[in-house]
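Visitor: I am new to this structure and would be grateful for a close look at one part of it, the strands and their partners. Please set that part in its surroundings as you go.

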Amino acid sequence: MTVGLFSSAGHASGSNAFSAGVVSFGSPVATTCTINPMSPGDASTGWTPAGADATCTLQATYSGTIPAILGLDMTITGVAGTPVAPYGGATPAAAPGLFDGSANGLQVIVTDGASTSFVNNTTYKNQAGSALALSATSSVQGLLIRRASFTSGTTETITVNYQLPTSASNAYNSASTTIDLVIHAVQANNNSLPAGCAAGAVCTSGFNWS
Amino acid sequence: MKSNRRKRTLVIGGLVTSIGAAATLLAGATFGFFSSAGVSSGSNRFTAGNVLVGLDPSGTQVTCAITAMSPGDSQASGTNAACRYVIKYTGNVNAFLALDLSITGTAGTPTTPYGASAPSAAQGLYDGSANGLQFNISDGTNTYLNGVQYNNQSGGPPTPLTPTSGAASVTDLLMNTTPVTAGATRTLTVNYNLPNTAGNAYNVATSTIVLTVHAVQADNNALPVGCVAGAVCSTGMNWS
């Protein structure tokens with residue numbers, strides 16, 4: 001029922017559009033670096049002293065529309081080889097992988113373009129800044145690439161240099177190791193980094209990667 | 001009034017964040033933040049090579065067991081044959097090869113020769129002298145033992161391989177200065193001769209010679225200056 005009260009049909013309403021940002025990488029990149037077969041003493045060109053093998057790199061361009069913090073995950077898996085008796089000695093036990101966390105196995109230095117070091121030979125840093133040993137089968141998540149946020153179009157390059165020491169023995173014959181690196185990102189806005197998180201070290205406690 | 005509502009909302013939001021962070025620590029819960037699972041990945045695979053050398057299974061190996069030798073006998077006498085070993089390198093990294101020789105012997109039981117007195121027993125059929133067993137060991141290119149002499153690293157005159165109690169050895173006779181690769185073969189031939197000058201001192205004496213070929217990586221392991229194929233190469237060289 002209507003009555004004769006004054007009324008109005010209403011003003012034209014305003015249009016309010018909301019659009020979410022996105023956190024993503026441009027041109028998804030999956031790179032593979034295969035070094036085979038290695039001899040003790042072999043090293044990459046970026047090692048000191050320089051070897052002859054190619055340095056492995058992983059490059060990613062951040063293409064999200066909102067600022068982001070980038071993290072690096074690393075998984076190491078190894079396959080034991082088949083030792084043979086060395087000249088003048090007995091057959092050694094097989095190392096669990098070419099990288100076994102010892103000074104005789106594969107040594108790896110993982111850095112980025114800003115000289116942030118994620119892995120130094122056989123260790124990485126936890127959130128407290130202490131060096132922890134990696135083993136033949138290790139998995140490390142949430143290594144902070146840098147404290148400053150990335151904006152769209154920023155490129156990050158991870159470099160892997162390596163050396164098999166001359167002290168590697170027949171324990172490493174035909175052994176192999178695969179190091180998988182994954183760069184991931186999370187929004188930086190409303191997601192502040194804990195004060196103690198340093199570039200190159202693990203940053204997971206008190207930080208949200210998703 | 002509006003201002004008060006906004007302030008209250010912010011406070012509530014802060015509390016929610018704090019609770020969420022605690023949950024992450026305790027239970028691994030995740031927030032609904034925008035994130036990327038990591039479409040950018042790199043797989044880096046490192047594999048060590050190997051160094052393997054042994055008898056070639058498809059080669060013809062001739063192992064010698066020469067008994068009842070008489071002075072004047074050689075690999076060409078009667079049914080005798082040269083000893084021959086085909087070596088095959090099957091490793092997948094470049095390598096240097098070397099030969100070790102090890103001789104052992106037992107003295108015999110000399111008898112009195114016709115018209116003379118019984119001589120002293122030789123320490124083995126091979127005794128490093130010109131009268132005992134002579135060897136010629138080669139691979140067709142290099143000679144490793146010529147009669148009773150080998151070449152040492154210094155490059156001087158050949159060195160006699162003189163046994164003690166019938167035993168003598170020489171190690172690290174270099175077989176190649178250019179690294180071998182997988183599939184490379186070498187044939188070692190052992191020729192032998194018991195000179196006519198061997199007397200009753202060698203009656204029933206025996207000698208055994210064992211050849212051992214070993215290999216080491218050539219990469220990052222340069223040969224010392226002066227090492228030549230066919231001669232000892234041990235000083236300054238890493239064979240293991």
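Guide: In chain A of this predicted model, 75% of the contacts between residues at least 6 apart in sequence join residues that are at least 24 apart. Chain A has 0 helices and 11 strands, and its pattern along the sequence is accordingly β-β-β-β-β-β-β-β-β-β-β. Of its 210 residues, 40% count as buried.

Two strands of chain A deserve attention. Strand β4 of chain A, residues 68–79, pairs with β11(A) in the antiparallel sense, over 12 bridges. One position in this pairing can be located directly: A:Asp73 faces A:Val182, which belongs to β11(A).

The surroundings of A:Val108 can be followed residue by residue. Beyond its neighbours within four places in sequence, A:Val108 is in contact with A:Phe99, A:Val119, A:Asn121, A:Val160, A:Tyr162 and A:Ile179.

Chain B has 1 helix and 11 strands, in the pattern α-β-β-β-β-β-β-β-β-β-β-β when read along the sequence. Buried residues account for 33% of the 240 residues in chain B. Among the contacts of chain B between residues at least 6 apart in sequence, 75% join residues at least 24 apart.

Chain B contains an open sheet of 3 strands, in the order β9-β4-β11, with antiparallel pairing. In this sheet β9 (168–174) and β11 of chain B are at the edges, each with a single partner strand, so one side of each lacks a neighbour in the sheet. On average, and ignoring direction, neighbouring strands of the sheet are turned by 15 degrees against each other. Within the sheet, β4 of chain B, residues 95–106, pairs with β9(B) in the antiparallel sense over 5 bridges. In general, strands of a sheet pair through backbone hydrogen bonds, in either a parallel or an antiparallel way.

A further set of pairings in chain B involves β10(B), residues 185–193, which is joined to β3(B) by 6 bridges in an antiparallel arrangement. Here B:Cys83 stands opposite B:Val190 in β10(B). Strand β5 of chain B, residues 134–138, also runs antiparallel to β10(B), joined to it by 5 bridges, and B:Gln134 stands opposite B:Asn193 there.

B:Lys88 lies in strand β3 of chain B, residues 83–89. Not counting residues up to four places away in sequence, B:Lys88 touches B:Gly54, B:Asp56, B:Gly59 and B:Thr185. B:Thr187 is 99 residues from B:Lys88 along the chain, yet their C-alpha atoms are separated by 8.8 Å.

It remains to describe how the two chains meet. The contact takes 60 residues from chain A and 33 residues from chain B. On the side of chain B that touches chain A, α1 (2–27), β1 (35–48) and β11 (206–217) of chain B each supply at least two residues. The largest share of that side, 14 residues, comes from β1(B). By class, the side of chain B that touches chain A has 18 polar, 13 nonpolar and 2 charged residues.

The model scores ipTM 0.81 and pTM 0.82. Chain B averages a pLDDT of 85, and 85% of its residues score at least 70. Over residues 1–30 of chain B, however, pLDDT stays under 50, and the model has 7 contacts beyond four places in sequence for that stretch. Where pLDDT is low, predicted coordinates should not be read in detail.

Conventions: Residues numbered from 1 in each chain as written. Chains lettered and ligands numbered in written order. Predicted model: local features only at pLDDT ≥ 70, side-chain atom pairs only at ≥ 80, totals over all residues. Contact = placed C-beta atoms within 7 Å. Helix = DSSP H or I, 4+ residues; strand = E, 2+ residues; numbered from the N terminus. Nonpolar A, V, L, I, M, F, W, Y, C, P; charged D, E, K, R; others polar. Pairing = 2+ DSSP bridges. Axes fitted to C-alpha atoms, helices over the stretch in contact; angles between N-to-C directions. Buried ≥ 20, exposed ≤ 12 C-beta atoms within 10 Å, placed from the backbone. pLDDT = per-residue confidence, 0-100.
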